[in-house]
Amino acid sequence: MIWISRYSDLSIVDLHSRMRDDFGPILRMPGILGRNDIVLSFNPDDYEKVFRTEGAWPIRRGLDSMAYYRQKVRPEVFGAMGGLVTEQGESWQKMRTIVNPVMMQPKTIKLYIDQVDEVAREFLEILAKLRDAKQELPADFDQWLNRWALETMGVMALDTRLGVLQTEQTEEAKKILALVRNVFDLSYLVDVLPSIWKYYKTPTFKKLMDTFDEFTDIIMIKVEQAVKRFEKHPTSEANQSVLEKLLKIDKQVGIIMALDMLMVGIDTTSSGSMGLMYCLAKNPDKQAKLREELRTVLPTKDSPLTAENMRNLPYMRACIKEGLRLYPPVAGTFRATGRNIVLQGYRIPKDTDVAMGALVLQHDERFFIRAKDYLPERWLSEREASIPNAKDTNPFIFLPFGFGSRSCIGKRLAMMELEIITARLIRKYEVRWNYEDFKIRATLVNIPANPLRFELKEVDA
């Protein structure tokens, strides 16, 4: 369908809007080549009904190719616990029960602030050198954002610096960077675009399996290195990282969780950060207001970020929320129905995949007043009377980290990443955008459809 002229060359928001205009607020997209049918809904009441009836073990089918790899190619590594990304039912619940107390604790975030801030500072030093004579970043700045996200995730998932930000990279760093890029590119080809791999193992599919293999082996080596470090330099229980705590519970869980964090935490974080940068660049008044708030906790550009002073940044969190509303990393949420239900008068059988096209609703005046405007103030409890209140909108439209027991387990870490990189960037630079409107296109995540030539002008103080 996307190759038909009426649907080609559209942003994901415009594509969904056109589909809604042509087919209505609910439609069925027939599955092809071994895939399930998908019901696509543009009604928030449907979203609530799906979530409220999903049961104790929510089904969110992910990447079939990754599930195949973990179950069929490397069962000796993954066994009965394929991970939170690919598993369903009781095996998913078992894994989630183990990792929840470790990943969802607010105090866990404090352990990483210094290290994540160190990576952010190094990244900003690189940005200064990347700028051209017009103080603009290169067209491939999105790839540099991916590097920053990967380096940060290496710290949080593996307790190590991967070195992918270095100008003179090691061969290992180059390999890791290439493997991560290939995983996303190849997964898009076999799991999103039409593919016959379920009937015939195509060259692209085989290349993806080889890529998974290489990536898994490297991460297993990194985990073994971490085990030796922990044995040589044990830490108190209060200061143990996510990896160290998980390895003490179950080594297999530690390996799988590290892989899952690296698989889903890189492109999503970089996607969210580039959308936020664009919003702030296009709204200099909001950017200036944010910078003034940042000056209260960062009197100088080199002032330290701590867990204590980061608590006092409500406007920054509102800026991030509003950026995620306008430019979220993904186009919507996905669930299988937990029982037979009725949506908009249609009977939807149990175990039917339902895609919730919330992105188009987040840009719709019927659901968000002044939907096209970047208004961080809508998320604040104290705001001018003329500013709409985000709480007046159906809460099931904007769920950047999902809902319920299967919501994103890394949401606290992801928000901390976005807060730190935003704080450092806006405190040091005035960000500008001098070109045509920013557009996104959907792959596994939403990525830029035009070059990211942001202008960075250093602020005086």
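How much space lies in the second largest pocket, and which elements give two or more residues to its lining?

Analyst: This is a predicted model, in which local features need pLDDT of at least 70 and side-chain atom pairs count only at pLDDT 80 or more, while totals for chains, interfaces and linings use all residues. Residues are numbered from 1 along each chain as its sequence is written, and side-chain values use heavy atoms, with hydrogens and water left out.

The second largest pocket holds about 510 Å³ of space. On a 1 Å grid over the protein atoms alone, a pocket is an open set of points with protein on both sides within 12 Å along at least five of seven lines, a cavity is a set of points where a 1.4 Å probe fits but cannot get out, and lining residues have an atom within 4 Å of a point. Grid points are joined across faces, edges and corners, and a volume is the space filled by probe spheres set on the points. Of the 23 residues lining this pocket, Lys321, Trp379, Ala390, Phe398 and Pro400 are the closest to its centre. The elements that give two or more residues to the lining are α15 (314-326) and α17, and α15 gives the most, with five residues. By class, the lining has 13 nonpolar, four polar and six charged residues, where Ala, Val, Leu, Ile, Met, Phe, Trp, Tyr, Cys and Pro count as nonpolar, Asp, Glu, Lys and Arg as charged, and the others, Gly among them, as polar.

The helices themselves come next. Helices (H or I, at least four residues) and strands (E, at least two) are DSSP runs, numbered from the N terminus. The 13 residues of α15 reach 19 Å from the first C-alpha to the last, close to the 18 Å expected at 1.5 Å a residue; the expected span is 1.5 Å times one less than the number of residues. Ten of the 13 residues of α15 are buried, a word that means under 20% relative accessible area, with exposed meaning over 50% and partly exposed in between (1.4 Å probe, protein chains only). Among the buried residues of α15 are Tyr315, Met316, Glu322 and Arg325, and what covers the buried residues includes α13, α14 (284-297), α16 (358-362) and α17.

As for α17, its 18 residues should span 26 Å, and its end C-alpha atoms are 26 Å apart, which agrees. This helix is also mostly covered, since 16 of its 18 residues are buried.

The largest cavity has a volume of about 100 Å³, and its lining residues include Phe123, Phe141, Met277, Ile421 and Leu425. That lining divides into ten nonpolar, two polar and no charged residues. Leaving aside residues up to four places away in sequence, Phe141 touches Phe123, Leu127, Met277, Leu452 and Phe454, contact meaning heavy atoms within 4.5 Å.
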